[in-house]
Amino acid sequence: MISPNLLILYVADPAASGRFYEGLFGRAPVFQSPGYVGFQFDNGLGLGLWATGANDFVSAGTGNRSEIAIAVDGAIDSLHDTWKAAGVAIEQPPFTAVFGRTLVALEPGGHPNPGCPPGKGGKGG
């Protein structure tokens with residue numbers, strides 16, 4: 001059985017995106033280079049930020065093609081206030097979607113990062 005354990009976001013500036021996620025996750029990257037920044041989480045999942053301008057980067061796609069949903073248990077409005085105070089760009093302020101209360105923040109490369117309730121079958125669970 002295959003078990004995915006790494007998400008990769010294509011970004012223009014891995015260092016800037018890395019600083020954003022370091023603040024968001026409250027943990028430092030485990031690997032940093034000019035073309036790639038990597039995070040590792042306690043649940044075994046990894047996040048890679050790969051520079052679209054790196055010599056070894058090849059992709060026929062364009063634009064932002066993914067998002068990282070962050071499960072938040074009932075504190076969406078508080079999370080919004082914390083992120084906004086920290087200077088995080090908010091694409092959608094808190095609202096109630098079909099799966100519950102949510103918001104969407106943007107990382108420096110434009111990738112959406114929704115905060116949403118866990119275990120609702122779609123986003124966040």
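**Figure 1. Aromatic pairs in the predicted model.** The count comes to 6 aromatic pairs, where rings of Phe, Tyr and Trp (its six-membered ring) pair if their centres lie within 6.5 Å. Planes under 30 degrees apart count as stacked, over 60 as edge-to-face and the rest as tilted. One of the pairs is Phe-20 with Tyr-21, edge-to-face, at 5.0 Å centre to centre and 80 degrees between the planes. This is a predicted model, in which local features need pLDDT of at least 70 and side-chain atom pairs count only at pLDDT 80 or more, while totals for chains, interfaces and linings use all residues. Residues are numbered from 1 along each chain as its sequence is written, and side-chain values use heavy atoms, with hydrogens and water left out.

Figure 2. Phe-20 is buried at a relative accessible area of 13%. Tyr-21 is also buried, at 0%. Buried means under 20% relative accessible area, exposed over 50%, and partly exposed in between (1.4 Å probe, protein chains only). The rings of Phe-25 and Phe-41 have centres 5.0 Å apart and planes at 85 degrees, so this pair is edge-to-face. The pair links distant parts of the chain, 16 residues apart: Phe-25 sits in helix α1, Phe-41 in the loop between β3 (36-40) and β4 (46-51). Helices (H or I, at least four residues) and strands (E, at least two) are DSSP runs, numbered from the N terminus. Phe-25 is partly exposed at 24%, whereas Phe-41 is buried at 17%. One aromatic cluster holds Phe-20, Tyr-21, Phe-25, Phe-39 and Phe-41.

**Figure 3. The largest nonpolar core.** This core has 19 residues. A nonpolar core is a set of buried Ala, Val, Leu, Ile, Met, Phe, Trp, Tyr and Cys residues joined through side-chain atoms within 4.5 Å. Leu-9, Tyr-21, Phe-39, Leu-47, Leu-49 and Trp-83 touch the most other members. Two or more residues come from each of β1 (6-11), α1, β3, β4, α2 and β7.

**Figure 4. Helix α2 and its cover.** Helix α2 spans residues 76-85, and its buried residues are Ile-76, Leu-79, His-80 and Trp-83. Seen down the axis, they fall within an arc of 105 degrees, so they line one face of the helix. The arc is that of the directions from the helix axis to the C-beta atoms. Their cover includes α1 (14-25), β5, β6 (89-97), β7 (100-106) and β8 (112-116). Trp-83 touches Leu-24, Ile-70, Val-88, Ile-90, Leu-103, Ala-105 and Asn-113, residues up to four places away in sequence not counted. After α2 comes Gly-87, with a positive phi near 90 degrees.

Figure 5. Ile-70 lies in strand β5 (residues 70-71). Ile-70 is buried, at 18% relative accessible area. With neighbours within four places in sequence set aside, Ile-70 is in contact (heavy atoms within 4.5 Å) with Leu-24, Phe-25, Trp-83, Pro-114, Gly-115 and Cys-116. Pro-117 is 47 residues from Ile-70 in sequence, but 8.3 Å away in space, C-alpha to C-alpha.

Figure 6. Thr-102 is buried, with a relative accessible area of 2%.

**Figure 7. Ala-28 in a loop.** Ala-28 belongs to the loop between α1 and β2 (31-33). At 45% relative accessible area, Ala-28 is partly exposed. Leaving out neighbours within four places in sequence, the contacts of Ala-28 are with Glu-22 and Phe-39. Gly-38 is 10 residues from Ala-28 in sequence and 9.1 Å from it in space, C-alpha to C-alpha.

**Figure 8. Chain layout and confidence.** The chain has 2 helices and 8 strands, in the order β-α-β-β-β-β-α-β-β-β. Of its 125 residues, 35% are buried. Among contacts between residues at least 6 apart in sequence, 46% join residues at least 24 apart. The average pLDDT, the predictor's confidence in each residue from 0 to 100, is 81, and 82% of the residues score at least 70. Among the elements, α1 has the highest mean pLDDT (93) and β8 the lowest (75). Over residues 120-125 the pLDDT is below 50, and this stretch has 15 contacts in the model beyond near neighbours in sequence.
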